[in-house]
Amino acid sequence: MGVTRLVVRPPNWLGDAVMALPALAAVRRHFADAHLTMAASPVVAALLREQTHAAPDAVIDLPRRTPDAVRVLREGSFNAGLLLPNSWRSAWQFYRAGIAERWGYRASLRGMLLTRGIGRPPAREVRHQADYYRHLVSALGIPGSEAIAPWIAPRPSSRAEGDRLLAAAGVPGDAELVGLAPGAAYGQAKQWPPDRMAAVAARLVTDRDAWCVLVGAGHDRDAGRAIESWLRTHAPAAAARVVNLIGRTSVGALVAVFDRTAAVVANDSGGMHLAAAVGRPVVAIFGPTDERATRPIGDHHVLTASAFCRPCMLRDCPIDHRCMKRIGIDDVLAAVNAALAGKAAL
């Protein structure tokens with residue numbers, strides 16, 4: 001019996017889910033005649049309800065509690081399941097739900113729970129996280145993911161929501177709009193100093209007559225407030241053209257807001273990957289994390305600074321945050337202006 005009802009468990013985090021889109025798109029193409037369901041965390045489920053090449057037939061917000069997740073999965077009557085997370089728990093949920101075929105990496109001692117377990121590739125063979133997911137589906141006999149790039153576009157309802165938010169903030173429909181994503185999950189080490197992000201916004205307003213929109217999740221609100229405070233003190237004339245939507249957008253509205261931008265400045269974050277997948281030129285600022293593994297996919301401007309300790313992968317810097325502080329305001333502005341001019345990244 002072939003695969004007729006396939007459920008896929010995408011990665012749990014927004015940025016990882018974007019990087020997994022090429023693999024998910026290849027799965028969709030390979031199982032074109034099967035009913036495809038994505039069972040994901042609420043944030044990733046919201047992402048997959050927008051337009052992507054993954055094009056699932058259904059999307060499930062998978063409950064956090066294992067008994068609830070097992071019940072929901074069992075109700076789907078799936079005969080095959082693909083796991084992109086490496087966790088033992090995700091495989092246990094598929095096993096308990098009675099999914100006959102269970103595929104994924106042999107990780108976290110879960111090989112006995114899988115019917116097709118794939119060995120993880122040597123680190124030297126996988127330079128980017130997207131290739132980690134590509135390797136999995138390729139090893140399962142699902143071809144074509146190498147030729148696919150992440151792609152996301154807002155649904156009409158999401159586009160309307162994003163347009164309403166921008167209009168309510170006074171942003172003209174024909175404005176040159178630059179997105180600024182000043183936050184990052186897992187500690188402040190990945191954040192370029194908010195006062196520098198604020199200075200970039202002020203220069204874009206005064207030098208280019210642009211508008212700027214601050215975006216991010218609820219945990220990024222402190223960075224947004226710091227930017228607003230700096231602008232009120234140091235560039236009050238520019239402050240009116242810097243709109244703060246941090247914590248105020250759904251995932252779909254965030255996709256729509258990025259779709260309105262001409263370029264995006266972001267730390268290494270889910271927003272960075274999302275903006276790149278929407279097709280906007282991104283100026284990506286990397287400090288403690290490894291840009292070779294998680295840089296935005298495509299032709300984007302990736303900024304780093306030399307420091308003996310990077311990439312350290314720490315959530316909080318134990319010294320002076322030199323990997324971020326050595327990236328100057330003029331460096332970021334030059335990259336933004338190049339992106340707005342359509343110049344290729346160096």
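Here are legends for a few close-up views of this predicted model.

Residue numbers start from 1 along each chain as its sequence is written, and side-chain values rest on heavy atoms, with hydrogens and water left out. Local features need pLDDT of at least 70 and side-chain atom pairs count only at pLDDT 80 or more, while totals for chains, interfaces and linings use all residues.

**View 1. The largest nonpolar core has 66 residues.** A nonpolar core here is a set of buried Ala, Val, Leu, Ile, Met, Phe, Trp, Tyr and Cys residues joined through side-chain atoms within 4.5 Å; buried means under 20% relative accessible area, exposed over 50%, and partly exposed in between (1.4 Å probe, protein chains only). V8, V27, L82, I152 and L274 touch the most other members. Helices are DSSP runs of H or I, at least four residues, numbered from the N terminus.

**View 2. Here is V27 with its contacts.** Skipping neighbours within four places in sequence, V27 is in contact (heavy atoms within 4.5 Å) with L6, V8, L36, L82, V137 and I142. There's also a second, separate core of 35 residues, with A198, A202, L204 and V265 among them.

**View 3. P156 sits in helix α6 (residues 156-168).** P156 counts as exposed because its relative accessibility is 67%. The C-alpha atoms of P156 and G252 are 9.6 Å apart, though 96 residues separate the two along the chain.

**View 4. T66, A69, V70, L73 and R74 in α3 meet R89, W92, Q93, F94 and R96 in α4.** By class (Ala, Val, Leu, Ile, Met, Phe, Trp, Tyr, Cys and Pro nonpolar; Asp, Glu, Lys and Arg charged; the others, Gly among them, polar), this contact has five nonpolar, two polar and three charged residues.

Definitions and conventions: Helices (H or I, at least four residues) and strands (E, at least two) are DSSP runs, numbered from the N terminus.
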